[in-house]
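Biologist: Could you take me through how to read side-chain exposure, salt bridges and helix packing in a model of this kind?

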Amino acid sequence: EHRVVLVDFYADWCGPCRMMEPAVEAVAADTDALVAKVDIDTHQDLASAYGVRGVPTLVLFVDGDAEEQVVGAQQEARLRDLVDV
């Protein structure tokens, strides 16, 4: 249904994840991309399937295909660059 999907693999105990939350929410609110959040503690199998070894990890899907993966805290501008495809 959405051409561009940004999946934020996070954990509640992760400081950088909490620090990034306002940027992730801003991108979700201000772009056409669907932004999904996946708690790695709740969805360990899904995190493992995408090779998540550290959090935060963001995976960009374009037309259903995983196109890019970034690990670590990112600036809002970087997130906007990711979804601007």
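Biologist: Is Arg80 buried, partly exposed or exposed?

Modeller: Buried means under 20% relative accessible area and exposed over 50%, with partly exposed in between (1.4 Å probe, protein chains only). Arg80 has a relative accessible area of 25% and is partly exposed, whereas Asp30, at 54%, counts as exposed. This is a predicted model, in which local features need pLDDT of at least 70 and side-chain atom pairs count only at pLDDT 80 or more, while totals for chains, interfaces and linings use all residues. Residues are numbered from 1 along each chain as its sequence is written, and side-chain values use heavy atoms, with hydrogens and water left out.

Biologist: Which side chain meets that of Arg80 in a salt bridge?

Modeller: A salt bridge is a side-chain nitrogen of Lys or Arg within 4 Å of a carboxyl oxygen of Asp or Glu. The side chain of Arg80 meets that of Asp30, at 3.1 Å from N to O. The pair links helix H1, which holds Asp30, to helix H3, which holds Arg80, across 50 residues; helices here are DSSP runs of H or I with at least four residues, and strands are runs of E with at least two, numbered from the N terminus.

Biologist: How many salt bridges does this rule give?

Modeller: The count comes to five. Among them is the pair Lys37 and Asp8, whose closest N and O atoms are 2.9 Å apart; Lys37 lies in strand E2 and Asp8 in strand E1. Asp8 is buried at 2% relative accessible area, whereas Lys37 is partly exposed at 40%.
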